[in-house]
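Thanks for coming. I have one structure to go through today, so let me put it on the screen.

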Amino acid sequence: MSMNTENIRPGDLEWTCCNCGRKLEPAPVVVEYLGNEFTAELPRCPSCGLVMITEELALGKMAEVEHILEDK
Amino acid sequence: MEQNELRQWESRCIEEQAPWCAAACPLHVDARSLCARTAAGDWAGAWQVLLRTMPLPGVLGRICDAPCRERCKRGEAGEAIAIHLLERACVGHARPRRKPAPVPSKPQRIMVVGSGLSGLSAAGELARKGYQVTVHEPGESLAQGLREQYAAQVPDEALDLELDLLLKLKIKVETRAPVDEPGFLDRMLESCDGVFLSLDALDPEGWPLERGEDGRPVAAWPVQATAREGVFAGGLSGPDGFSPVWAAAQGRWGAASLDRWLQGVSPGAAREKDGPFETRLYISLKGVEPLPKVQPAEPEGYDDQEAIQEAGRCLQCHCLECVKVCPYLESFGAYPKKYAREIYNNQSIVMGARQANKLINSCSLCGLCETVCPEDFAMQDLCLTVRRDMVQKGKMPPSAHEFALLDMEFSLGQEFRLAKHQPGHEASAALFYPGCQLAASAPSQVRAVYGHLCASLQGGVGLMLACCGAPAFWAGQEAKLASALEAWRAGWEALGSPPLIMACSSCAEVFRRHLPEVEQRFLWEVLAETGMEIKAPANGPLAMHDPCTTRHHADIQQTVRGVVGRAGVELEELRLGRELTECCGYGGLMSTANPELAQEVITRRGGQSQRDYLAYCAVCRDRLAQVGKRALHALDLFFPVPGEEDPAARPSPGWSQRRENRARLKAELLRDLWGEEAPAMQAHRQVELLIAPEVAELMERRRILIEDIQKVIFEAEAQGNKLCHPQTGHFLASFRPYKAVFWVEYTPEGEGFRVHNAYAHRMKVKVGAKP
């Protein structure tokens with residue numbers, strides 16, 4: 001199960017963090033579901049750490065993994 | 001689920017029971033498959049069917065007397081299938097070549113005396129088991145009697161081919177055997193380990209056989225033992241006189257007995273399935289057009305086309321009564337016996353994917369399968385039991401029912417819950433309980449009904465708004481159900497435990513099961529008594545749709561028909577109505593766990609009649625409306641919504657609207673009837689949203705509520721945790737109000753916010769992920 005840099009599209013990094021005013025950058029982020037943890041490269045504010053999950057990721061790969069974990 | 005419970009479930013489903021033809025055949029030839037292959041013109045396939053169970057098919061296939069015809073179900077709708085003629089047509093085609101299976105070798109020697117059908121059948125069976133078989137034939141050549149007797153039906157080449165195949169099994173042949181010499185059998189037994197007598201090719205006199213009352217020799221089937229140890233016999237009459245198929249079967253059974261005897265196993269134990277047996281397979285002949293047998297143009301039998309046509313008359317007996325009426329059972333591709341096994345395996349898994357979760361959670365628990373099943377297989381009981389087990393073990397997928405359970409929590413919460421005596425009364429002689437979904441669907445009608453009841457009944461009519469706990473019941477969430485019922489009971493008891501006037505049959509069912517002390521009657525009975533006037537709708541008869549929770553309550557179904565019919569509303573009955581009614585796809589939380597299937601279910605339901613439907617469950621009505629089916633709720637006839645011209649076309653309120661309707665109903669009733677203010681709205685509820693129809697539709701599909709979006713924007717605006725897109729100026733923010741994370745893309749507009757997009761996931765970003 002991998003959620004790597006392929007999750008990040010160039011357009012995703014155009015978003016800026018409103019609190020910090022900085023552009024998002026790819027960074028390793030730990031996500032968790034039902035006690036299972038994974039590290040994935042996701043767009044993140046380099047200053048405050050605010051992470052963005054895109055619609056594509058949420059409804060695609062993430063939904064798929066959630067489903068697999070729920071049936072485990 | 002324990003293994004013995006699985007066995008009990010499995011034994012209830014009769015789909016895998018043998019078809020009547022195969023059960024009636026002493027050899028259990030699968031005539032159903034033979035017909036299927038033949039009807040498809042697949043002669044090689046038809047041959048394979050015979051090869052599986054029929055000894056000497058090139059011979060027996062031409063002379064089989066087909067006792068199966070007696071029990072063929074087609075015989076109850078026309079004439080029985082002419083299986084013997086189909087077998088003949090099949091073996092007229094070239095026999096497919098089969099690589100002989102490697103034969104194990106056993107040292108024991110067996111003598112087969114006589115080469116009739118039973119002897120050759122026994123010799124073949126025993127040789128295939130590896131015994132050293134010698135056939136002692138009194139005549140000049142192997143199968144001499146058989147050849148002479150059936151010369152007209154069995155060509156020499158066909159018999160020779162069968163004999164060649166037997167000899168390839170290393171069977172030895174002694175012709176001119178002196179079988180009539182005194183002491184022949186004793187000498188045989190001295191030089192071998194067992195004997196089989198083919199009495200269809202021998203004079204039965206002189207052999208050590210028991211005699212029946214008529215003095216004729218017997219060797220009781222299927223053991224075929226004689227009075228002499230180690231000697232078995234076949235080729236005697238069947239129940240209706242001599243029969244080639246019985247003779248061949250006796251050879252097979254005698255061979256099996258010899259094999260057991262030689263291995264020290266009881267020849268008579270567990271032989272119930274040898275020979276004709278009873279089958280429980282149920283076949284409905286409803287709608288089957290009677291058809292006569294295809295008459296062959298030539299006396300010797302069918303040509304290919306005739307055979308194909310005759311085989312096409314076969315009913316292909318299957319039960320599948322439940323699968324025929326249930327899109328859920330159909331959609332998983334099998335039938336309850338297989339499902340029980342899949343569910344059992346699902347529950348036994350320690351590591352790996354539980355592949356039956358969706359099967360378990362998709363059942364609407366409507367009970368139609370049990371009603372149509374000749375053996376009362378209740379898929380709903382199986383699924384519900386297993387759901388409870390999954391919940392208890394923490395193995396229920398959280399996403400399966402969460403949305404419905406949150407909706408239940410809403411109905412149990414401050415925004416909707418209400419329990420009050422009629423204004424100006426200190427007690428309630430009755431309590432109106434509309435149920436959460438009628439309030440969600442048609443709040444103005446709840447109010448109108450309540451007004452009518454207050455005006456028509458004596459002694460005060462209380463009102464209670466809450467949830468009966470049905471979603472928790474359906475989800476297998478016993479603890480949540482218990483606490484919902486407890487809260488409900490407390491509210492009811494505080495009003496003096498008045499008898500209920502129910503508008504929802506699902507609530508009624510939950511109370512009947514879990515709070516039997518609650519006295520309840522249906523609103524429809526009350527409306528019949530109060531003599532409420534109704535106006536028949538303009539467009540013609542209405543098709544009656546009963547909610548699945550009234551399945552076993554013919555009285556309720558009748559009351560509704562009566563009260564509506566009295567006013568001159570014509571009704572049409574659906575093919576699946578009353579006790580055979582279908583679920584709308586909401587029951588059992590099907591629509592939460594498997595929305596695609598639920599959509600299919602209601603679409604099919606709506607397609608059963610061109611008429612406008614009349615429902616008396618708010619959810620049924622709304623689900624029909626969702627798929628574009630014109631449908632009325634019975635209350636639309638009694639309490640038309642002022643200004644609504646075409647109630648059958650009223651769209652179903654979306655998820656958010658259903659909450660809004662409930663909250664507003666409570667607030668307005670409190671204010672208008674009891675002069676009380678509703679509790680103040682939470683701060684996030686005051687966030688104003690602008691949502692275009694296509695975004696609203698997307699939210700509906702993704703089950704994202706307006707309130708979820710309000711929470712996201714409220715939090716983002718308060719904390720400043722949001723992203724901004726420099727080109728579009730859109731904000732993007734998320735919030736996790738419960739086990740789901742909601743994301744909203746929005747822009748401020750006027751006093752409120754325009755919603756551009758919304759989506760959700762369940763995976764959580766670990767906090768402390770700061771750089």
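How many of the five residues of strand S10 of chain B are buried? This is a predicted model, so everything I say is computed from it. In that model, five of the five residues of S10(B), residues 461–465, are buried, so the strand is largely enclosed by the rest of the structure. B:Val461, B:Leu463 and B:Leu465 point one way from the strand, while B:Gly462 and B:Met464 point the other way.

Now the neighbours of S10(B). Strand S8 of chain B, residues 418–420, runs antiparallel to S10(B) and is joined to it by three bridges. Opposite B:Met464 stands B:Ala419. Strand S9 of chain B, residues 430–433, also has three bridges to S10(B), but in the parallel sense. There, B:Phe432 has B:Leu463 as its bridge partner.

Next, a helix pair in chain B. H7(B), residues 117–128, packs against H11(B), residues 244–263, at an angle of about 35°, and the axes are 7 Å apart. The crossing is right-handed. Residues in the contact include B:Gly119 and B:Ala122 from H7(B), and B:Gly251 and B:Ala255 from H11(B). By type, the contact residues are nine nonpolar, six polar and two charged.

Last, chain A. Its pattern along the sequence is β-β-β-α-α, and its C-alpha atoms fill a box of roughly 40 × 20 × 15 Å along the principal axes. Of its 72 residues, 29% are buried. Among contacts in chain A between residues at least 6 apart in sequence, 49% join residues at least 24 apart.

Terms used:
Residues are numbered from 1 along each chain as its sequence is written. Chains are lettered from A and ligands numbered from 1 in the order in which they are written. This is a predicted model: local features need pLDDT of at least 70, side-chain atom pairs count only at pLDDT 80 or more; totals for chains, interfaces and linings use all residues. Axes are lines fitted to C-alpha atoms, for helices over the stretch in contact, and angles run from 0 to 180 degrees between N-to-C directions. Helices (H or I, at least four residues) and strands (E, at least two) are DSSP runs, numbered from the N terminus. A crossing is left-handed if the near helix is turned anticlockwise from the far one by less than a right angle, and right-handed if clockwise. Two residues are in contact if their C-beta atoms, placed from the backbone, lie within 7 Å. Ala, Val, Leu, Ile, Met, Phe, Trp, Tyr, Cys and Pro count as nonpolar, Asp, Glu, Lys and Arg as charged, and the others, Gly among them, as polar. A residue is buried if 20 or more other C-beta atoms lie within 10 Å of its own, exposed if 12 or fewer, and partly exposed in between; C-beta atoms are placed from the backbone. Two strands pair if DSSP finds at least two bridges between them.
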